[in-house]
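Subject: Structure handover

Hello,

Here is the structure you were going to look at. Please open it first, then read my notes below.

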Amino acid sequence: MSPSKWKSFLVRYSEDLIKAKKLPVRTPSVARKSGWMGYRPASERAIAAAEARLGVKLPPSLRNFYRVTNGWRAIGFSIYGIRSVEKVAWLNVADPVMHRIASEAEEPIPDEPAHMRDFHFEQGTRVKRSLMISSDGDAAVLLLDPETRDPSDEWAGGIWAAWLPGMEWCATSFAGLIRHERKRFLQLRDNKPIDYGLTPAQAKKKLGAANRQDQMLGVMALQGTNDPRNAEDLLSTYLDESAEGVVREMAIEAACTLKSRQAYEQAIRDLPQSVAASEAGETIDEGGDGVRPYALFGAILAYGEDPASVFAQWLDAPSERLRRFTLASLGHCRRSALAREILIDRLRHPDPTERETAAYALTQFMDKKTVPALTEALSDEVAKVRSMALQGLLHLNATAAVPAIEALARTEEDAHVREKIAFVLPALKSPLSRSQR
C-alpha cells in the first residue's frame, strides 16, 4: 500500500473508530488540517536506523505506513496501538514470555501424531521468529513473519490472542493484516453476522458431523443467520456432553447471541459448576474437555442484557477463582452504571488481589467517569494496580491525569511501572491526545 493509499485508508478507519465513541484516535478533520495522521511521519533516517537495528529491511507496506504515521493508537477493541518504528522489535526482545511459550510449542513430543509437526511450525517456529508490531492489547498482539514472504517481499501477518485457539496467520502483508483487523472491528462494532455460505438446514446437519471443524462451522453458520429460531439446535449442541468442549462453548455463546432466554439462564446456572470444574482440572485449559468459565461469561454477555446484577451475586463467593472471573467480566459490562460502581468500590478493597482485578477490569470498561478512581489508584501500594491504572488512563486518553502521572514518575521504584510511565506519559502529552480534549 502506497503512502497516499495509507492516508486515505487511515482517514476512513479513523471515522470507523470514532463511531465506536470509546476509541481514542486523531479525528480526520484535525488530520487533514495538520497534514498528518495519528503521529508525525517517521523520517527516512529513523526507518533506516530501525532496519539496521533489526538486521533486515522492513516490508514495503510497513515502511510506507511509517512514512505516513510513526505508530498508531487503537485499531480496534483488542489492539491498543501500533509501535513506532523506534520500538518495533523481534519477539524475543519485545515479549520474552511469549517467546518462551512459542519455543516450548516448537518442541516435538515423543510418539505424537504426524499432524502435530504442522502445529509446532505454525504455533512455535513462526511465532518465535516474528516481529512484534503492536503495543499493549487485550491479551493480543500483531506479528509479522519475516521468512514467509510474497513476490512483493511482503511478510505474512497474524494475531495471537488469549481468546483465540491458536496463532491466527490471516494475512500476506502488514497492510492486509490491518485490513483484516478493520473488518473484525467493524463486525464487532456493528454486530454484523458473517455469511458462511450454508443454508440453515446444511448448518444443522454439520452440527451432527463426526469432526470438530464441521461442527464449529455449523455453529458459526447458524449464529450468522441471526435467526432466533436456530438457537434451540445450538442449545441442544451445548447440552450434549459427548460433544467437544470447544464446540459446546461456541454453541452456548451463539445461542445467547441469538437471544435465547433459555440458553442465557442455562449459562448462569452452569457457571459456578464450570468454575469448580476448572479448579479440579476438568476444563479445556487444564487438560479436560469441560466448558471453561470465561466461555460462559462470554455467553452471558452475548445475550445483551446488563448482567451486572447477575454477576454481583458471585462477588463474595467462597471460590476465589469465581470471584476473580466475575470481577474481571464486569469490565465488559460497558454502559452499566452498576458495574462501574462495583469496580470503583473494589478498586479500594482491602484485598490487593481484588484491587488488581478491578483495575484490570477498568482498563476494559472504557468510561470517562472512572478517571478519578484510576488516578487515585496511581498511589496504590501494589505495583500491578498502579500499572493497570496507567493502562486504563491511556485507553481513556485521560490528559487530566498527566500531573498525577508526572508526580508518580518522580517517586516510582518498580521497573515495570517506570517502563509503563515512559510509554503512557508521552502518549497523553502528544498532539494527538490534546486534539481529543
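Accessible areas here come from the Shrake-Rupley method with a 1.4 Å probe, and for residues only the protein chains shown count as cover. By that method the chain has an accessible surface of about 20500 Å². Carbon and sulfur atoms account for 51% of that surface.

Two notes on the source. This is a predicted model, in which local features need pLDDT of at least 70 and side-chain atom pairs count only at pLDDT 80 or more, while totals for chains, interfaces and linings use all residues. Residues are numbered from 1 along each chain as its sequence is written, and side-chain values use heavy atoms, with hydrogens and water left out.

**The chain as a whole**

The chain has 23 helices and 5 strands. These are DSSP runs, numbered from the N terminus: helices are H or I with at least four residues, strands are E with at least two. Of its 437 residues, 52% are buried. Buried means under 20% relative accessible area, exposed means over 50%, and partly exposed lies in between (1.4 Å probe, protein chains only). Now take the contacts (heavy atoms within 4.5 Å). Among those with a separation of 6 or more, 60% join residues 24 or more positions apart.

**The cores**

A nonpolar core is a set of buried Ala, Val, Leu, Ile, Met, Phe, Trp, Tyr and Cys residues joined through side-chain atoms within 4.5 Å. The largest one has 74 residues, and L330 and I405 have the most contacts inside it. Helix α12 (residues 245-257) gives the most to this core, with 7 residues. Another core lies apart from it, with 38 residues, including L54, Y66, L142 and A175.

What does I405 touch, leaving aside neighbours within four places in sequence? Its contacts are L378, L390, L393, I421, V424, L425 and L428.

Look at helix α4 (residues 60-68). Here 7 of the 9 residues are buried, so the helix is largely enclosed by the rest of the structure. The buried ones are S61, L62, R63, N64, F65, Y66 and V68. They pack against α1 (3-19), α3 (44-54), β2 (131-132), β3 (140-149) and α8 (174-190).

Next, find A389 in helix α20 (residues 383-395). Is A389 buried or exposed? A389 is buried, with a relative accessible area of 0%. Not counting residues up to four places away in sequence, A389 touches L374, A377 and L378. The C-alpha atoms of A389 and T363 are 7.4 Å apart, though 26 residues separate the two along the chain.

**Two positive phi angles**

N226 is not a glycine, yet its phi is positive, at about 60 degrees. N226 sits in the loop between α10 (212-224) and α11 (231-239). N226 is partly exposed, with a relative accessible area of 49%.

K259 also has a positive phi, near 65 degrees, in a residue other than glycine. The loop between α12 and α13 (261-279) holds K259. K259 is partly exposed too, at 48% relative accessible area.

Please check both loops in the viewer.

Best wishes
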